[in-house]
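Have a look at it first.

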Amino acid sequence: MLRPASSSHRFSCFSSSLKTASAFVALALFCAAAAQAQVVKTYDFEDGTAQGWQAFVGTAPVNTTAAAYSGTHSILTSTNASAAGGPSIDLTSVLQAGAKYTITGWVRLTPGETATNANFTVKRTDPTCANATCYDNTGPYTVAVSDSGWAQIGGEFDAAATETALTLYAQLVGATGTQSFYLDDVVITQIAPPPGGTPIVAYTFANSSTDGWQPFGPVQLQSTPPPIQDPTGDADALLTTNRMDTWQGPSVDLAGASGLVAGATYQVTGYVLLANADASNPTVTLSLKRTDCAGTTYSNIASSDPTSSPLSNTAWTKVQGTFSFSDMPGAPSSLVLYAQSSSATDSFYLAHVTVNQLTAAPPDPSQQDNSGISSTFEDGGLDGWGSRSGSSVLTNATDTAHSGTHSLLVTNRVANWDGPSISVDNKMYVGSVYNISAWVRLQPTDGSTHTINMSLQTVYQGGKPTFPSITPYPGISVPADGNWHQVSVKNYTMGSNYDPGQASLYLQTVGANGSTDLVSFYVDDFQLNYVTPVSIQTDIPSIYQTYSSDFPVGAAIDSTDLSGAHEKLLTMHFNSITSGNEMKWSSIEPSLGTFNWAPADAEVGEAVCHSIRIRGHNLVWASGSQTPTYAFGDGTNSAANQALVTGYIQEHIRSEVQHFGNKVYAWDVVNEPLDPHQPDCLLHGPFYNVLGPEYLDVAFRAARQYAPNAKLFLNDYSTADSNRLACLVKVVGDLQSRGVPIDGVGHEMHNAINYPSPAAMANAIDTVAKNFPGIDQQVTELDESVYNAGDYSNYGNNVPPAILAEQGWLYKAYFDLFRAKAQEHELGAVTIWGMADDDTWLDSFPVARTDYPLPFDMKLQAKPAYWGIVDPTHLPGAGMTFHLTTAEGTTGHVRLLTITATNGDVGPAYGTQINSLTLTRTSGVACTPKITAGPALPVVLGDIPTSGSASA
Ligand code: XIL
């Protein structure tokens with residue numbers, strides 16, 4: 001067994017939109033990965049062998065179970081004649097010349113051996129060494145070792161760029177005749193790749209071979225000796241002739257290259273020589289054409305600089321750049337590297353193309369040590385804490401403690417930054433999230449106030465240390481009042497990579513206005529706790545599959561839904577998406593003619609890869625929300641401005657719908673145009689103010705012209721309100737009578753918990769269907785606020801379970817209605833405005849507060865709302881039964897009825913009441929029973945616990 005890998009990191013993605021020198025408009029989703037340490041080899045000896053280890057001098061080591069640092073095996077070296085020698089391993093093919101490593105292992109002497117010292121040494125074969133051999137120590141030359149415990153040997157090892165062979169060995173050094181020792185858990189970690197990266201693939205075009213390169217376009221390729229030798233000294237180069245367009249050139253598919261992985265960063269280098277002089281000073285660009293399930297995208301890696309490195313036919317020009325790629329929304333099926341030129345016709349040589357890995361892909365977070373740190377100081381020691389300066393004094397104190405009887409006292413601080421520090425190496429990992437807390441008590445009790453700051457210190461790739469603050473800078477204000485105060489940060493994301501051993505956490509002071517504050521303080525109950533990322537439930541029914549024979553079920557999404565647990569939730573439960581914001585005018589075309597496609601493209605790519613349908617939302621928003629002001633021209637209804645704005649609408653719609661093409665099956669062409677307070681039922685927004693009702697016609701006609709296959713919707717809210725419903729009917733009727741193409745009506749359905757009633761909603765759908773037979777109807781933005789309409793209160797973190805249960809029953813009522821309307825062919829799709837309560841627009845609308853409107857909770861787990869949609873037998877209060885008993889009353893015709901409600905076993909039945917009771921005589925003489933006494937209806941039974949009952 002081995003301890004976890006030394007460091008890891010997540011990476012962040014960014015999108016870029018590049019215009020190549022060619023006819024292509026290129027789009028790419030790239031991920032930038034920072035370098036990080038990477039375990040390249042481990043020897044744990046658990047397989048019962050020596051795993052290739054041999055004797056450096058003397059007798060070969062043997063596998064043993066007599067001792068082990070971890071697991072049950074190690075290797076035992078028992079004799080060697082000449083003292084300085086031990087187990088060794090050939091690392092020539094494991095380590096790369098020029099790279100940096102740490103090499104560590106654990107040593108213990110066999111019982112009875114006299115304590116001595118040990119180290120790891122590398123024998124290097126290298127022409128630059130005397131006799132072509134050098135001996136490099138890794139880490140300290142002397143590490144004390146004994147037979148009573150394991151000691152770690154080793155440290156950093158920089159493999160010289162000039163080495164040709166490397167042999168690692170462990171040796172004992174000291175005056176004794178000690179010879180026999182165990183070695184276990186050798187770990188070799190690369191902390192920096194060789195300059196220029198780890199070679200992945202190199203193309204030399206030697207021996208007239210094109211090395212798998214293919215024509216990109218109708219060009220001709222030939223491997224041939226160039227007129228001038230390239231700087232790497234290759235004999236051959238790849239000549240491209242017959243070029244007829246800028247984008248044409250030589251190409252090779254990298255997708256198959258072994259060692260090329262998503263998330264890593266690669267450097268591409270090549271050399272270019274023009275076949276003939278070109279006075280136009282052209283450039284060459286290395287580009288990538290990526291194809292995956294979402295389609296094809298183009299991006300540029302690097303271009304030659306026409307000023308600093310102009311191309312010529314007399315000297316080679318180096319072209320170099322970096323790229324990385326992600327596996328989202330799907331792994332690339334091809335990743336074609338090609339060279340193009342700003343000259344459409346120049347022939348050129350390409351020589352010695354290499355692809356090197358600069359930084360590795362992030363490792364799997366499950367490989368981390370997520371056990372955290374807890375320091376209570378109860379054992380009387382320092383629990384791994386040390387003085388940051390070496391001058392300040394740390395002592396275990398018993399005169400005060402936050403809990404128990406011990407704490408840590410820091411005195412004699414020499415600077416603000418000086419204080420207690422603890423290693424978080426292999427405890428905090430980049431990209432992971434932590435809750436961190438310490439209790440602090442200032443030693444003076446003079447009532448002064450001090451700022452305590454908690455920070456990290458990290459060193460990465462041997463560079464300068466960085467000091468990210470964990471507490472928001474400057475820190476937490478702590479009064480010197482003799483009390484303990486908590487310095488606590490929740491959900492801190494570790495943002496720094498670090499070299500092995502190069503991460504620590506410390507407490508310091510920040511003096512007011514840059515002053516020095518050397519206050520002494522106690523620390524206790526330090527906690528570093530890993531926050532487990534959320535994961536979704538996979539053993540519950542899929543929402544969209546539950547409704548597969550009724551309608552697609554969609555979700556509004558944003559970029560955070562394209563990876564991790566959110567992406568899993570999306571693809572498991574939804575078969576339609578709507579961009580929450582990324583297809584709106586201000587997102588797509590923030591200034592006239594400048595398009596920002598990447599965020600929407602990423603969402604569309606995700607949908608295409610998972611066969612998810614896409615609603616487009618929206619093209620023209622009546623209120624001018626999320627619409628750049630240029631779209632309204634000067635805002636007036638002058639003839640000139642009307643022409644201008646008409647053109648803007650048409651052009652915007654053309655650009656947007658043509659960009660997405662048939663991937664978008666339905667467009668909200670006009671969003672929220674209704675206003676029941678206007679005689680013509682239309683909102684007098686900025687488009688209306690310029691064009692009057694005509695703006696709807698312009699929008700719908702443009703959408704039909706440029707997206708002939710898409711369903712065109714008018715989308716609006718509160719359509720169950722009678723006045724808005726009447727306006728909806730009027731406006732759609734007017735559009736139809738003017739011959740304006742409209743296919744459907746979207747009911748947003750941003751519901752409150754008390755509004756609208758499912759019956760009012762049913763009426764709205766029926767009314768539209770009755771007035772416009774055959775029109776499409778969709779629920780487009782369903783969510784169910786936990787608040788009443790017009791109520792601006794805030795439950796904060798404490799939403800009552802009864803409300804969530806009520807919301808669940810409401811979702812059930814709505815989805816029952818949707819299913820019924822689908823079966824009556826009145827409703828074609830349902831989209832929920834979000835997925836989970838961690839991300840809802842209702843947290844900021846109509847006021848900033850915490851809302852809980854969606855099927856999944858803040859941690860993406862199923863709520864009653866979810867169960868109301870997929871299986872109401874899981875709703876709290878489901879399975880309630882009623883039982884009636886009768887007893888003789890005081891006179892012959894009177895009976896005493898007792899009704900007992902027994903709740904099912906799912907959860908409490910909140911606010912249970914009996915609203916009505918009907919008695920029917922089923923045999924004997926006809927009569928009309930009357931309830932004459934007892935509690936008035938409704939009979940309130942209140943909250944009935946799970947499996948509990950209540951009677952009246
Ligand atoms: C909302 C988005 O969800 C928010 O993120 C944004 O800040 C404002 O717009 N009606 C609509 C949607 O048609 O476009 C709105 O979306 C919600 C109301």
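Start with the largest nonpolar core, which has 109 residues. A nonpolar core here is a set of buried Ala, Val, Leu, Ile, Met, Phe, Trp, Tyr and Cys residues joined through side-chain atoms within 4.5 Å. Buried means under 20% relative accessible area, exposed means over 50%, and partly exposed is in between (1.4 Å probe, protein chains only). The residues with the most contacts inside this core are Ile-649, Trp-667, Tyr-695, Phe-700, Phe-815 and Phe-818. Helix α10 (residues 801-823) gives the most to it, with 9 residues. Helices (H or I, at least four residues) and strands (E, at least two) are DSSP runs, numbered from the N terminus. In soluble globular proteins, nonpolar side chains tend to be buried together.

Before going on, keep in mind that this is a predicted model: local features need pLDDT of at least 70, side-chain atom pairs count only at pLDDT 80 or more, and totals for chains, interfaces and linings use all residues. Residues are numbered from 1 along each chain as its sequence is written, and side-chain values use heavy atoms, with hydrogens and water left out.

Now zoom in on Tyr-695. Leaving aside its neighbours within four places in sequence, Tyr-695 is in contact (heavy atoms within 4.5 Å) with Val-620, Ala-622, Ile-649, Val-670, Pro-673, Phe-687 and Tyr-688. There's also a second, separate core of 35 residues, and it includes Ile-436, Ile-452, Ala-480 and Met-494.

On to the charged pairs. The structure holds 17 salt bridges, a salt bridge being a side-chain nitrogen of Lys or Arg within 4 Å of a carboxyl oxygen of Asp or Glu. One of them joins the side chains of Arg-124 and Asp-136 at 2.9 Å, N to O. This pair links distant parts of the chain, with Arg-124 in strand β9 (residues 116-125) and Asp-136 in strand β10 (residues 133-145), 12 residues apart. Arg-124 counts as buried because its relative accessibility is 12%, and Asp-136 is buried too, at 16%.

Another bridge brings together Asp-292 and Arg-290 at 2.8 Å, N to O. Asp-292 is buried, with a relative accessible area of 12%, and so is Arg-290, at 9%. Then there's the bridge between Asp-716 and Arg-724, at 2.7 Å, N to O; both of these residues are buried. Going back to Arg-124, salt bridges that share partners join Arg-124, Asp-126 and Asp-136 into one network.
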